[in-house]
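Subject: Structure for you to look at

Hello,

Here is the structure I promised to pass on. Please open it first, then read my notes below.

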Amino acid sequence: MLLRALKSIVARILGFPIKMMTRLNKRPRFEAISIELSGKEIYSIRSIGPGDENKLHEFRNKLSDEAKSLFEGHHWDFRSLRRVVASSVKGDDLRLGAFDKSGQLVGYAFLQNYWAAVPVLGIAILDSLQNKGLGRGLMRCLLVEAIKANKRLVRLTVIKDNARAIGLYQKYGFKIIGQTADEKQREYHVMSLDLKEAVLE
Ligand SMILES: CC(C)(COP(=O)(O)OP(=O)(O)OC[C@H]1O[C@@H](n2cnc3c(N)ncnc32)[C@H](O)[C@@H]1OP(=O)(O)O)[C@@H](O)C(=O)NCCC(=O)NCCS
């Protein structure tokens with residue numbers, strides 16, 4: 001109550017709408033962490049930040065054609081990447097990267113439209129590092145942050161024959177709630193997770 005009144009006074013003095021003040025307070029602030037995979041390799045997971053456009057561009061170029069076709073995520077030209085990085089810095093989206101010791105981006109996951117009722121999840125790992133637990137690490141980070149921010153639902157679409165991704169999502173409690181298709185007639189499951197039912201081992 002007191003906080004609300006205070007916010008309203010500060011908002012009025014600064015000339016911001018109260019809604020904007022509330023949003024500034026709610027920006028996702030992901031604390032960087034390190035994770036160790038079974039092979040003893042150590043990766044750090046942190047928010048995508050200023051200057052990461054090149055790393056994102058290299059990451060996309062290193063994905064196999066198959067991975068590219070499974071994960072579009074967003075546009076990858078530099079103009080779009082600048083918007084993507086800005087959305088992470090501003091806190092409109094929660095975008096996390098997994099980086100190896102040399103600073104190379106090897107995994108990327110996001111909750112797009114973080115402040116919408118239902119943010120949309122995307123994830124990809126470089127082919128050479130798939131199946132080692134990095135996807136699980138990034139998923140866990142995203143979902144823990146979303147739970148901390150009192151989000152209720154997360155949604156995604158996944159190509160129907162992408163068994164590995166579907167297996168990963170089901171592990172965390174995602175359920176198939178519908179289907180859709182793209183302009184190339186490829187069929188997708190629509191999956192949704194009620195964060196109250198998320199399975200975080
Ligand atoms: C899907 C993807 C993100 C998973 O990341 P990853 O690092 O390879 O996955 P992890 O090793 O962390 O986790 C694998 C989990 O997926 C599931 N899984 C793996 N292979 C599977 C298969 N063939 N069938 C069903 N589930 C499978 C299991 O639940 C497994 O967990 P477990 O090892 O505890 O059993 C990654 O493979 C990838 O980038 N693929 C290409 C792009 C893509 O498909 N993105 C998703 C678009 S919707």
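Isoleucine 35 has tyrosine 43 in β2 as its bridge partner. That pair belongs to a larger pattern. Strand β1 covers residues 33-36 and strand β2 covers residues 42-47. The two run antiparallel and are joined by four bridges. They form a hairpin, with five residues between them. Look at lysine 40 in that turn: its phi is positive, at about 75 degrees.

Strand β2 also pairs with strand β3, residues 94-99. Four bridges link β2 and β3, and these strands run antiparallel. Here arginine 46 stands opposite glycine 97 in β3.

**The whole protein**

Keep in mind that this is a predicted model. The protein has seven helices and eight strands. It has 201 residues, and 25% of them are buried. Now take the contacts with a separation of 6 or more: 59% of them are between residues 24 or more positions apart.

Strand β7 spans residues 175-181, and strand β8 spans residues 187-194. They run antiparallel, with six bridges between them. Is β7 largely buried or in the open? Of its seven residues, the number buried is zero, so β7 lies largely in the open.

The two strands form a hairpin with five residues between them. Glutamine 185 sits in the loop between β7 and β8. Its phi is positive, near 65 degrees, and glutamine 185 is not a glycine. Most residues other than glycine have a negative phi. Glutamine 185 has 6 other C-beta atoms within 10 Å; the cut-off for exposed is 12 or fewer, so glutamine 185 is exposed.

**Another positive phi**

Asparagine 131 is not a glycine either, yet its phi is positive, at about 70 degrees. Find asparagine 131 in the loop between β5 (120-125) and α6 (134-148). Asparagine 131 is exposed, with 9 other C-beta atoms within 10 Å.

**A buried leucine**

Leucine 111 lies in strand β4, residues 105-112. Is leucine 111 buried or exposed? It has 26 other C-beta atoms within 10 Å, and 20 or more count as buried, so leucine 111 is buried.

What does leucine 111 touch, leaving aside neighbours within four places in sequence? Its contacts are Asp93, Leu94, Pro119, Leu121, Leu142, Ala146 and Val154. Leucine 111 and arginine 155 are 44 residues apart in sequence. In space, their C-alpha atoms are 9.0 Å apart.

**Two packed helices**

Two packed helices are described by the angle between their axes and the distance between the axes. Helix α3 (residues 53-62) packs against helix α5 (residues 78-90) at an angle of about 120 degrees. The axes are 9 Å apart. That angle makes α3 oblique to α5. The crossing of α3 and α5 is right-handed.

Which residues meet there? From α3 come Glu53, Leu56 and His57. From α5 come Phe78, Leu81, Arg82, Val84 and Val85. In this contact of α3 with α5, five residues are nonpolar, one is polar and two are charged.

Best wishes

How values were computed
Residues numbered from 1 in each chain as written. Predicted model: local features only at pLDDT ≥ 70, side-chain atom pairs only at ≥ 80, totals over all residues. Pairing = 2+ DSSP bridges. Axes fitted to C-alpha atoms, helices over the stretch in contact; angles between N-to-C directions. Parallel < 35°, antiparallel > 145°, perpendicular 65-115°, else oblique. Left-handed = near helix turned anticlockwise from the far one by under 90°. Contact = placed C-beta atoms within 7 Å. Nonpolar A, V, L, I, M, F, W, Y, C, P; charged D, E, K, R; others polar.
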